[in-house]
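Good morning, and thank you for coming.

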Amino acid sequence: MIYAPLEDGWTLRLGGGGAEGELYWTPGEGGKVSANLARLEMDKLPPPPETAEKPAPARPLNPTDWPLFEVSCGKCILDGADFGRIKLNTLRAVGGQKLEYLTAEGGKVELSASGEWLRAREQSSGKLKFDVSSADFTSVLRSLGYAQNLSAKNSRLSGDLDWPAAASGLAWAQAHGHIAVAFDNGTLKAVDPGAGRVLGLFNFYALPRRLTLDFRDVVKSGLAFDKINGSFDLGDGVATTNDLEIKSPSLRMEMR
């Protein structure tokens, strides 16, 4: 790592097992982080903490205090999984920031996302649109720190979410909007208690037990499916579906 001061900030030249490329810092108006990396390798990311386990901060985060980001990474590896080329760019907006784009391509995930994060009149609000697809959803779950309870040869998720203005700041559980999911040719697997955290929307395997149904003869080692399709409407901490469907060689489930 080589550090060099500049007239309007500083630069770091990185080289080694974890990263290769250049990082720039420019102060003023919250600052700006610019990165041009050939490669970045990281351990898996921890999932967001449960809302009940972490009290709200005394002072909600303010996006006007955060730096802008302009990042390009030619090869991003997360917990051994190649996520391909990553690009991220944010812009100043009145009362906060806009996510102009976040993209990933050429690896385990194809991702496109945009949105905004604002705080005005002591209230925070936000928006997020995303479209993500993967041919190796198991690796994605593992890299993000979740139990690998679902595998699929093809998967796609898209969403259009917003966070209404709230004095306490943004909280994932309070998102409003719509999420659509589609999985092809995969397996739903049982997750032993304590084996790891399960991504809530994809914990389909627990639904039969909660309905006091017994499919142990079918799903002892995992339920192979042809398709999972459906959508969820989110609001006030609740996800509602009226069209979730699982089709497998052994059964068909429709959920409302």
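Let me begin with Arg119, which is buried because its relative accessible area is 12%; buried means under 20% relative accessible area, exposed means over 50%, and partly exposed lies in between, with a 1.4 Å probe and protein chains only. Before I go further, the provenance: this is a predicted model, in which local features need pLDDT of at least 70 and side-chain atom pairs count only at pLDDT 80 or more, while totals for chains, interfaces and linings use all residues. Residues are numbered from 1 along each chain as its sequence is written, and side-chain values use heavy atoms, with hydrogens and water left out.

Arg119 is found in strand 10, residues 109–120. Helices (H or I, at least four residues) and strands (E, at least two) are DSSP runs, numbered from the N terminus.

The criterion for a salt bridge is a side-chain nitrogen of Lys or Arg within 4 Å of a carboxyl oxygen of Asp or Glu.

Leaving aside neighbours within four places in sequence, Arg119 is in contact with several residues, including Pro60, Leu61, Asn62 and Pro63. Further partners of Arg119 include Gly95, Ser124, Ala166 and Gly169. Contact here means heavy atoms within 4.5 Å.

**Other salt bridges**

How many salt bridges does a search of the whole structure find? The search finds 13. In general terms, side chains of opposite charge can pair when their charged atoms come close.

One of these salt bridges joins Asp136 and Lys108, with the closest N and O atoms 3.0 Å apart. Asp136 lies in the loop between strand 11 (123–134) and helix 1 (137–143), and Lys108 in the loop between strand 9 (96–105) and strand 10, so the pair ties together parts that are 28 residues apart in sequence. Asp136 is partly exposed at 22% relative accessible area, and Lys108 is likewise partly exposed at 30%.

Glu22 forms a salt bridge with Arg13, again with the closest N and O atoms 3.0 Å apart. Glu22 is partly exposed, with a relative accessible area of 23%.

Strand 14 (residues 223–235) pairs with strand 16 (residues 244–247) in the antiparallel sense over 3 bridges. Within that pairing, Lys227 stands opposite Lys247 in strand 16.

Strand 16 also runs antiparallel to strand 17 (residues 252–255), and 4 bridges join them. Leu244 stands opposite Met255 in strand 17. Strands 16 and 17 form a hairpin, with 4 residues between them.

**Cysteines and a buried serine**

Cys73 is buried at 3% relative accessible area, and Cys76 is buried at 11%.

Ser155, in strand 12 (residues 150–166), is buried as well, at 4% relative accessible area. Not counting residues up to four places away in sequence, Ser155 touches Val132, Ser133, Ser134, Phe137, Ala182 and Phe183.

**The protein as a whole**

To close, some totals. The protein has 3 helices and 17 strands, and buried residues make up 35% of its 256 residues. Of the contacts with a separation of 6 or more, 51% are between residues 24 or more positions apart.

Terms used
Two strands pair if DSSP finds at least two bridges between them.
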